[in-house]
Amino acid sequence: MTTLTKVEGIPPKHVGRFYTKQTQCLIKKKKQFKCLIELIDTMNFIESSIITSSKSSTCLLDPIPTRLFKETFPLFNDPILTMINASLETGYVPQSFKYAVVKPLLKKPSLDPSILANYRPISNLPFISKILERVVVKQLYCHLQDNSHFEDFQSGFRPHHSTETALVRVSNDLLLASEKGLLSILVLLDLSAAFDTIDHGILLHRLEQDIGIRGSALQWFKSYLSDRYQFVNVNGHSSQCTRVNYGVPQGSVLGPILFTLYMLPLGNIIRKHSINFHCYADDTQLYLSMKPDQNDQIEKLNACISDIKTWMTINYLLLNPEKTEVIILGPKNLRDALSAQIVSLDGISIAPNFKVRNLGVLLDQDLSFKAHISQACRTAFFHLRNIAKIRNILSKSDAEKLIHAFVTSRLDFCNSLLAACPKSSLRSLQLVQNAAARLLAGTSRRDHITPVLVSLHWLPVDSRIKFKILLLTYKALHGMAPSYIKDLIVPYHPMRTLRSQNAGLLVVPRISKSTVGGRAFSHQAPVLWNKLPAHVREADSVSTFKARLKTFLFGQAYCQTS
């Protein structure tokens, strides 16, 4: 990748050095109608990128409000296009695009607001600079995808990847290890201010040597990273403007993907030790399965963590031992014995952690997810009580929006991990949904809940879990899911000619413990998939599959009671 492709083939013009002068100069020029037909698709892309990526809130550096800009965009889209093309061809990012307004954001509502370390510095950038970044990100992503530069087990900031897909893979591996009677050690590494300590020289070297970005394209990234400035704005008061010599701005479009490229060598360091791992942005988790008497495996994990620390030190990253957590999973009698043997892992003390929070989900030592379900129910009921206080002044549609935003979203968050969980565990989640349905429909607690759920066309909790698993399976089979999820399912190809050979079935792996290995995605996905009617499995689009799947599960859930 030596050049960044111009958004459209019109002759770019030098548009000056400062943003305000650029805008004033370019708007005076008349639109070239002879290029209008060629620009339609490009303009649609830029317009959609504005609508989808920018909020109506306005940065202090914007000359006009964002809402006004989006409404009047068709009037001056040609100058914007010329500005973007000039930047891409010359490898120069206008200086005014490299100023950021930092808005401190409290990481959690429960944290002490008087402690500065509890804030996350979010950079607000001019909206036109975000348009330029999105154009570059699209081309950079295509280059990375076409040349297989992405880390397979990095799920942060990538299409079709999420915290849920990452946790599905990790929990699948841990459940299968427990199925075999093995213990697993899960280490959750935490970095301090990861985005803010990136060295620009190292990042540019990585882009050139590892990613193959050269020429004017590399010059563009050099310009993007150099001479950046920022100031803090709180309650209408601004600090002095300071130069930014390290890091990538949090809140930018390009920053997250640059961070993942900066972390690219980490995967090979971990693989050298034959340790399983998964990354989500700056969150890295290591996990190793072993028999209790395999002390050499613990030494291997120690060596891996030591090499990670060394690499991070060389690359100006800091591992935070206070927030790094370790948990031992597997059969209870075995893990207790192992816990007594291990006091620390390369200086990281092993506290008696019975549960850890991993990408927003509480994991316990049995992978029962009871703690996660309990926490989700408490939070959901809290919001339900608040909604109930104002239900009388809300229309039904508004109340339903609030319930879906604050309650249903929590019931559905990473619910594919709850596959084949005991009904006693899922009952708590079902009670939350029942309470939400009664609040919305205005029915009494004594009324039977099934007719209410049917009238609202809500799938029960157990069916929602199946829906999520089957949707992820469909996406994996059609190239819309991470490769590490696709690897967990195997299409069924009979050895001899059978009627089922073209039925789109999956191979169901053998398991010995239905309460452990039977809960793994690699087992649940083919079991549920093979039970679907052919017309559901053969849907030609995601939207069609979702519609047919919901109809099937809805009938399956309520046909006995209707």
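In this predicted model, Arg228 sits over the face of Tyr224, 4.6 Å from the centre of the ring. You can find a second case at Arg158, which lies over the face of Phe150 at 4.3 Å from the ring centre.

Take Phe153 and Tyr484: their rings are stacked, with 6.0 Å from centre to centre and 20° between the planes. Follow the chain and you will see that this pair links distant parts, 331 residues apart: Phe153 is in the loop between helix H5 and helix H6, while Tyr484 is in helix H18. Tyr484 has a relative accessible area of 2%, so this residue is buried. Ring pairs join Phe153, Phe277 and Tyr484 into a cluster.

Now look at Phe157 and Phe195. Their planes meet at 85° and their centres are 6.3 Å apart, so this pair is edge-to-face. Phe157 belongs to the loop between H5 and H6, and Phe195 to the loop between strand S3 and helix H7, so the pair ties together parts 38 residues apart in sequence. Phe157 is partly exposed, at 40% relative accessibility, whereas Phe195 is buried, at 10%.

Next, turn to the nonpolar cores. The largest has 76 residues, and Leu418, Trp458 and Phe521 are among those with the most contacts inside it. Helix H17 gives the largest share of this core, nine residues. Apart from it lies another core of 72 residues, including Leu4 and Phe221.

Finally, visit Ser522 in helix H19. Its relative accessibility is 10%, and because buried means under 20%, Ser522 counts as buried. Beyond its close sequence neighbours, Ser522 is in contact with Asn172, Leu176, Leu488 and Pro509.

Definitions and conventions. Residues numbered from 1 in each chain as written. Predicted model: local features only at pLDDT ≥ 70, side-chain atom pairs only at ≥ 80, totals over all residues. Heavy atoms only, no water. Helix = DSSP H or I, 4+ residues; strand = E, 2+ residues; numbered from the N terminus. Buried < 20%, exposed > 50% of the residue type's maximum accessible area, 1.4 Å probe, protein only. Contact = heavy atoms within 4.5 Å. Core = buried A, V, L, I, M, F, W, Y, C linked by side-chain atoms within 4.5 Å. Phe/Tyr/Trp six-rings, centres within 6.5 Å; stacked < 30°, edge-to-face > 60°. Lys NZ or Arg CZ within 6 Å of the ring centre and 35° of its normal. Lists of a residue's contacts leave out its neighbours within four places in sequence.
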